Amino acid sequence: MAAEPLPELAAVHWRPRADAQRLDRTSLMWTAITVAHVVPFIAAGIALFLVQPLALPVSLASFAHAWVIPELYAQRGANVVRTGGSRFIRAPAGAEARSVGLLGDLVGHEARAMHAQTGLVPERGRLGVWLVGPAGAVLVRAGGGRFGRVVCYCVGVNDPSLPSGDRIAHLLLALRSDEEGFATVANLAFCGARWRVRRRLAAAMRPALDAGAAAARRLDTRAMP
């Protein structure tokens, strides 16, 4: 739907406005940076073993670094939809229940059921399928099959005392108002393979990512000529 750009864009005026093409370039750049971090450790581990087989423990440590670096990136991405932590003030149970009820008025039955199960609200957009949590969102890009890509954003509401349902509602309304603006204002935490983030998500949240991936594939199919 047509709407005014988010007013928060003025605070990040130096950032180029996000769109599908820019997200594709961000994905390529993120992959290139990851490869630049990983390949030297793999090459060093192989070279050490070829020069001195007795240095196998050092080679294995080098390979471990090559594996851990992408995993740390993925953990940072998964953290954007964590529901706990000291950054939030726990709202009273009554306020939390009311906020979830009001959030339910904004979404359909499937989204309400998914939120009750996983704590995340799915929302289809032009850029893909969003999974919105109280302090961030995961964008599942269209297409890609099992090895599809996700973009994880850290973004929140300034009042940490709000119940989680109210925080999600604020983010959801901003997303519906200006999807590209939302992706511009939010802070990029991770861009990469969906399976890496899935492994780092809490087990209760994984069905939301799986459902988002299935919905993103349907979006990609409809977009084909």
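Among the contacts in this predicted model that join residues at least 6 apart in sequence, 71% link residues at least 24 apart. The protein has 225 residues, and buried residues make up 43% of them. Its secondary structure consists of eight helices and five strands, and if one reads from the N terminus, the elements follow one another as α-α-α-α-β-β-β-β-α-α-β-α-α.

Strands E3 and E4 pair in the antiparallel sense over five bridges, and here Val-138 has Cys-152 in E4 as its bridge partner. Strand E4, which covers residues 149-154, also pairs with E5 in the antiparallel sense, over six bridges. In this second pairing Cys-152 stands opposite Phe-190 in E5, while Val-151 has Cys-191 in E5 as its bridge partner. In a regular strand, the side chains alternate between the two faces of the sheet.

A pair of aromatic rings is described by the distance of the centres and the angle of the planes. For Trp-30 and Tyr-73 the ring centres are 5.8 Å apart and the planes meet at 70 degrees; because planes over 60 degrees apart count as edge-to-face, this pair is edge-to-face. Since Trp-30 lies in helix H1 and Tyr-73 in helix H2, the pair ties together parts that are 43 residues apart in sequence. Trp-30 has a relative accessible area of 14% and is therefore buried, because the cut-off for a buried residue is under 20%. Together with Phe-190, Trp-30 and Tyr-73 form one aromatic cluster. Elsewhere, the charged end of Arg-196 sits over the ring of Trp-67, at 5.2 Å from its centre.

A second pair consists of Trp-130 and Phe-182, whose ring centres are 5.4 Å apart and whose planes lie at 85 degrees, so that this pair, too, is edge-to-face. It links distant parts of the chain, since Trp-130 belongs to strand E2 (residues 129-133) and Phe-182 to helix H6 (residues 179-185), 52 residues apart. Trp-130 and Phe-182 are both buried.

In soluble globular proteins, nonpolar side chains tend to be buried together. The largest nonpolar core of this model has 52 residues, and of these Trp-130 and Phe-182 touch the most other members. If neighbours within four places in sequence are left aside, Phe-182 is in contact with Leu-6, Trp-130, Ala-137, Val-155, Leu-171, Ala-174 and Leu-175.

How values were computed:
Residues are numbered from 1 along each chain as its sequence is written. This is a predicted model: local features need pLDDT of at least 70, side-chain atom pairs count only at pLDDT 80 or more; totals for chains, interfaces and linings use all residues. Side-chain values use heavy atoms; hydrogens and water are left out. Two strands pair if DSSP finds at least two bridges between them. Helices (H or I, at least four residues) and strands (E, at least two) are DSSP runs, numbered from the N terminus. Rings of Phe, Tyr and Trp (its six-membered ring) pair if their centres lie within 6.5 Å; planes under 30 degrees apart count as stacked, over 60 as edge-to-face and the rest as tilted. Buried means under 20% relative accessible area, exposed over 50%, partly exposed in between (1.4 Å probe, protein chains only). A charge sits over a ring if NZ of Lys or CZ of Arg is within 6 Å of the ring centre and within 35 degrees of the ring normal. A nonpolar core is a set of buried Ala, Val, Leu, Ile, Met, Phe, Trp, Tyr and Cys residues joined through side-chain atoms within 4.5 Å. Contact means heavy atoms within 4.5 Å.
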